[in-house]
Amino acid sequence: MEMAARRVRAFKRWMKQEGIECSDALELTVSAAQGLSITALAELHVGDAVARIPKAACLTVVTTSARDMIDAAGLDGSLGLAVAIMHERSLGEQSPWAPYLAVLPEREAIPLVWTAEEAEELLRGTELQQTVKEDRTVMLEDWKESIEPLRDHIGTRFERFFGFEDYLAARTLIASRSFQVDDHHHGVGMVPLADIFNHKTGAEDVHLNTSASSEDSESEEAESGSEDGNESTTSTTSSVGHTTGASTTDDVASGASDDDGDDDDLEMVMVKDVKAGAEVFNTYGLLGNAALLHRYGFTEPDNPFDIVNIDLELVLQWGASLFSGQHRRARLSLWRRLGYSGCASHNSEYFEILFNGEPPNELLLLLYIMLLQQDAYDKIDLALATAGNSNGHMDGILSDKSEKLSDITAEFSEAVLLTNTICNALLSLADMRESLYGKNSIEDDIEALKRFCSIKEKKLHHSLMLRISERKIIQKFRTFASSSSQVRTGEASPRKKLKRK
């Protein structure tokens, strides 16, 4: 701890030398439990500017002494920044950012840098299991294509500071700590001091104002003013400005423009009153535990933004036990012709089950169509063909006044019912999704969580937190299906209104 305290003191001196202004009302503290955090020494109020950070003090592809090498290699975004971090680390105490880099961990303990065995065992069944496998594959390809060709230019320092593990370490820092400094010159970068504020979901105390967010704000104001005077529903001052997808690919592109100078500093402004003695929090966005663990290495209990996905492939597997392949393909095709689809990511399609456990309308509709009697299916199929409405949503067809559709309107209306058959299908899907977690029950996971410390055994603790949070949603999903089936049996005929998306 004494070593960490000395590094913090050196970092404070470095900030003054670099022109980084930090309010006397903020205190940087270090502890074994939390690492670095920032506490209010006095009451802070909305609008208080508590820090000012020159862009020149940020570590970016523009400010690093490796700029020429990065430019020559045509690297930008997260790839370019990773090279900048590895290069400055290779310089040791000679790096202008040495005191800053010294207070950062060597790597963040996100799943990207877990061993393959750890990821397979700890993330089994979760939303991250496949994602983490894909992450390492993409990262290795990036390293081979973009970093390894720099070997001759870098020389003897390459093996020690630019290897694949060094690259992964740099990418974990970018994933968890980088900000979009601006859009046209620096791009994504490491912002000293700003990246020390810890996260709390939905509880932002302080906001980093960047030139990128200012430009976005002006653009949004212009757009909102041109839409009949309606207020914009998006606020650029409601999030911290962290990059949110730097853990897998170059999500944040960094361009270069010589006419974008460094005269506008970054500023941290309070967006909420904070009492003396309380920790001052930033927020990385409204993220569920899967995203938090993936990008930042931690989870939060009872996170209202948690989700569980049910893959379309899982739904088709359920259908395989009841119907022929031809039946499933025809019903899936009809569902798509009605204009519906699941969520899409890479090569997969899935349905999101939110924190409350309710299934999305698209899933209910797909199950309904799968279970339709053949004559009812034929009516809908014919109606689509004769009405020429192959791209219309079901609610559009329901409102169509054509006589050709009037005879099937009642049949379509049944799609908004949670019938016993559909509820049983939901229960089967819940069982299939639950089985992916392995033999241990959710009760086993809860008991195991009690045994693992969130500080000393972070991987075990947070992976269990993720498993439990997802499995609780599946429990709610199952409860929803069971209760809806019981109500249906009692002839209450609950309806779930279909909405366009």
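## Aromatic cluster and ring pairs

Trp143, Phe158, Phe162 and Phe164 are joined into a cluster by ring pairs. Rings of Phe, Tyr and Trp (its six-membered ring) pair if their centres lie within 6.5 Å. Planes under 30 degrees apart count as stacked, over 60 as edge-to-face, and the rest as tilted. The structure holds 11 aromatic pairs. In one of them, tryptophan 14 and tyrosine 100, the ring centres are 6.1 Å apart and the planes lie at 15°, so the pair is stacked. This pair links distant parts of the chain, 86 residues apart: tryptophan 14 belongs to helix 1 (residues 2-17) and tyrosine 100 to helix 4 (residues 98-103). Tryptophan 14 is buried, with a relative accessible area of 4%. Tyrosine 100 is buried too, at 1%. Buried means under 20% relative accessible area, exposed over 50%, and partly exposed in between (1.4 Å probe, protein chains only).

A tilted pair comes next. The rings of tyrosine 284 and tyrosine 296 have centres 4.4 Å apart and planes at 45°, so they count as tilted. Tyrosine 284 sits in the loop between strand 10 (281-282) and helix 11 (289-296), while tyrosine 296 is in helix 11, 12 residues apart. Both tyrosine 284 and tyrosine 296 are buried.

## Basis of the model

This is a predicted model, in which local features need pLDDT of at least 70, side-chain atom pairs count only at pLDDT 80 or more, and totals for chains, interfaces and linings use all residues. Residues are numbered from 1 along each chain as its sequence is written, and side-chain values use heavy atoms, with hydrogens and water left out.

## A charge over a ring

Lysine 476 lies over the face of phenylalanine 355, at 3.5 Å from the ring centre. The cut-off: NZ of Lys or CZ of Arg is within 6 Å of the ring centre and within 35 degrees of the ring normal.

Four strands form an open sheet in the order 1-4-9-8, with antiparallel pairing. Helices (H or I, at least four residues) and strands (E, at least two) are DSSP runs, numbered from the N terminus. Two strands pair if DSSP finds at least two bridges between them. Strand 1 (21-22) and strand 8 (206-209) are the edge strands, each pairing on one side only.

Strand 9 (residues 266-270) pairs with strand 8 in the antiparallel sense over four bridges. Here asparagine 209 stands opposite glutamate 267, and valine 206 stands opposite methionine 270. Strand 4 (residues 49-53) also pairs with strand 9 in the antiparallel sense, over four bridges. Alanine 49 has valine 269 of strand 9 as its bridge partner. Strand 9 is mostly covered, with four of its five residues buried.

Four bridges join strand 11 to strand 13 (residues 348-353), and the two run antiparallel. Isoleucine 310 has phenylalanine 351 of strand 13 as its bridge partner.

## Helix 14 and its partners

Two packed helices are described by the angle between their axes and the distance between the axes. Axes are lines fitted to C-alpha atoms, for helices over the stretch in contact, and angles run from 0 to 180 degrees between N-to-C directions. The axes of helix 13 (residues 325-337) and helix 14 (residues 361-371) come within 9 Å and cross at roughly 135°. That makes helix 13 oblique to helix 14. The axes of helix 14 and helix 19 (residues 420-435) come within 10 Å and cross at roughly 115°. These two helices are therefore roughly perpendicular to each other. Angles under 35 degrees count as roughly parallel, over 145 as roughly antiparallel, 65 to 115 as roughly perpendicular and the rest as oblique.

Among the buried residues are Asn361, Glu362, Tyr368 and Met370.

## Glycine 189

Glycine 189 is in strand 6 (residues 188-189). This glycine is buried, with a relative accessible area of 0%. The C-alpha atoms of glycine 189 and serine 78 are separated by 8.4 Å, though the residues are 111 apart along the chain.
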